[in-house]
Amino acid sequence: MRAKAHPPVVPGTRVAVLGAGSWGTTFAKILADGGADVVLWARRPELAREISEGRRNSDYLPGINLPAHLRATSSLRDALAGAGQVFVSVPSQSLRENLVAAGDLLDPEAVIVSLMKGVERSSGLRMSEVIGQVLPIAPERIAAISGPNLALEIAKEQPTAAVVSSASLETAQAVAKLATNGYFRSYVNTDVIGTEFGGVLKNLIAVAIGIVDGVGYGENTKASIITRGLVEMTDFAVAYGAQPETLAGLAGLGDLIATSQSPLSRNNTAGRLLGQGYGYNDVVKQMQQTTEGLVSVGPILELAHAKGVEMPIVEQVRQVLAGTLNPRDIAPHLTTDSREPQGERTIDDGQAHGGAALWGAFKRAFDQLRDGGRGPRGA
Ligand SMILES: NC(=O)C1=CN([C@@H]2O[C@H](COP(=O)(O)OP(=O)(O)OC[C@H]3O[C@@H](n4cnc5c(N)ncnc54)[C@H](OP(=O)(O)O)[C@@H]3O)[C@@H](O)[C@H]2O)C=CC1
Ligand SMILES: O=C(CO)COP(=O)(O)O
């Protein structure tokens, strides 16, 4: 791997990363390579030791050498002491219990950043909502990061981008400053709903793509599902208050493309196994790592139903998971069961979203030209 120029260390910028799986460890490396003083919390002492002493996390990131100045601990107290920004990367269903454990140990001024892409099954809440519910902090001190971020590619320092979102632009910018280095670029926005739902929903479409891949269908089927899937994602997120252009950005389309086409994606892999004929329980047994999409299907469809949003692709994923739909039948009815010809409504549809997505794309391109590509800005 060729050496990359990293920004100089900013002394005193102490941050914690909770969760030493693929993404938590990779994000700790991103922050350490960006110059922050990072302590990574692993719940297993032996893993903390392997990271601190061996510079490796061989179960989750085989072959990756971790930065020499990245420290790991299995003590939550030590990890959180003095941390001004706390990045959380545990499975979504365990966020609440981990926040409860962290509560009293957090610096009162700390910003809490979700790296997760799931919703809480029991409540349907997004991760930033769970954070706001468990911890006594204002939305301005909560952020979420999402984008096309397959951990192992980034751990190999292959360049990519993400978006940091917070109700406070200043908070998003402060986080983005730390989460930027020679191979990782963070943009900012204030659309937390769109950013978080983008990450949750693309997992479900990636499962669908995996299913048709497993069945043996080709590129037309997958392109149809990606395109129609993006419309479903946008309809859903907008119904819950998101800006449609967020779904056309890194946290929506960008992540959808990366996750749908990569064998590194656990959601895509789970879908492929389903398409090859494995049942839900077998797939869950085979997945060694967190596969958020399998858990999100139910709560997302409930939320969609509550707002009257149609999600035919996600609904078909649910049926395949339940064993009530043959994976071979997933593609033909992408928009509706009706055989009547339908207009193709896209995310730029003026009636649906006031043309905001198209306008947003133009504006972003214009802003980037004007700024000459400098500094964090709205993604
Ligand atoms: N991997 C990726 O490419 C990306 C993942 N994400 C998101 O990041 C989140 C974490 O995923 P990822 O790191 O990939 O998952 P992994 O399966 O790779 O790692 C999960 C981590 O969480 C720990 N863990 C499991 N259960 C608990 C618990 N109950 N309490 C505390 N820690 C627990 C595991 O510890 P142990 O090893 O001891 O079991 C492990 O450190 C997910 O929401 C995912 O969608 C987002 C972007 C990219
Ligand atoms: O979110 C991811 C890439 O952006 C990782 O996707 P998987 O969880 O499917 O591996």
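Helix α1 (residues 22-33) contributes 3 residues to the shell around ligand 1, the most of any element; helices (H or I, at least four residues) and strands (E, at least two) are DSSP runs, numbered from the N terminus. This is a predicted model, in which local features need pLDDT of at least 70, side-chain atom pairs count only at pLDDT 80 or more, and totals for chains, interfaces and linings use all residues. Residues are numbered from 1 along each chain as its sequence is written, while chains are lettered from A and ligands numbered from 1 in the order in which they are written.

### Exercise 1

Describe the residues around ligand 1.

**Step 1.** Begin with the nearest ones. The shell holds 25 residues, and Gly21, Trp23, Ser94, Met116 and Ala151 come nearest. A residue is near a molecule if its C-beta atom, placed from the backbone, lies within 6 Å of it.

**Step 2.** Sort the shell by class. There are 9 nonpolar, 12 polar and 4 charged residues. Here Ala, Val, Leu, Ile, Met, Phe, Trp, Tyr, Cys and Pro count as nonpolar, Asp, Glu, Lys and Arg as charged, and the others, Gly among them, as polar.

**Step 3.** Look at the domains. Domain 1 (14-190) and domain 2 (194-365) each supply at least three residues; the bounds come from an automatic or database domain assignment.

### Exercise 2

**Step 1.** Ala151 lies in helix α6 (residues 151-155) and is buried, because 21 other C-beta atoms are within 10 Å. A residue is buried if 20 or more other C-beta atoms lie within 10 Å of its own, exposed if 12 or fewer, and partly exposed in between, with C-beta atoms placed from the backbone. Leaving out residues up to four places away in sequence, Ala151 touches Ser22, Trp23 and Thr26; contact requires C-beta atoms, placed from the backbone, within 7 Å.

**Step 2.** Arg266 sits in helix α12 (residues 266-275) and is buried, with 23 other C-beta atoms within 10 Å.

### Exercise 3

Explain where ligand 2 lies relative to the two domains.

**Step 1.** List the closest residues. Among the 14 that surround ligand 2, the closest are Asn149, Leu150, Ser265, Arg266 and Asn267. The elements giving two or more residues are α8, α11 (250-261) and α12.

**Step 2.** Draw the conclusion. Ligand 2 lies between domain 1 (14-190) and domain 2 (194-365), because both give residues to its shell.

### Exercise 4

Show on which side of helix α2 (residues 45-54) the buried residues lie.

**Step 1.** Name them: Leu47, Ala48 and Ile51 are the buried residues of α2.

**Step 2.** Check their directions. They cover an arc of only 105 degrees around the axis, so they are on the same side of α2; the arc is that of the directions from the helix axis to the C-beta atoms.

**Step 3.** Turn to the other face. Pro45, Glu46, Glu53 and Gly54 are exposed on the face turned away from the buried side.

**Step 4.** Find the cover. β2 (37-41) and β3 (71-73) are included in what covers the buried residues of α2.

Definitions and conventions. Contact = placed C-beta atoms within 7 Å.
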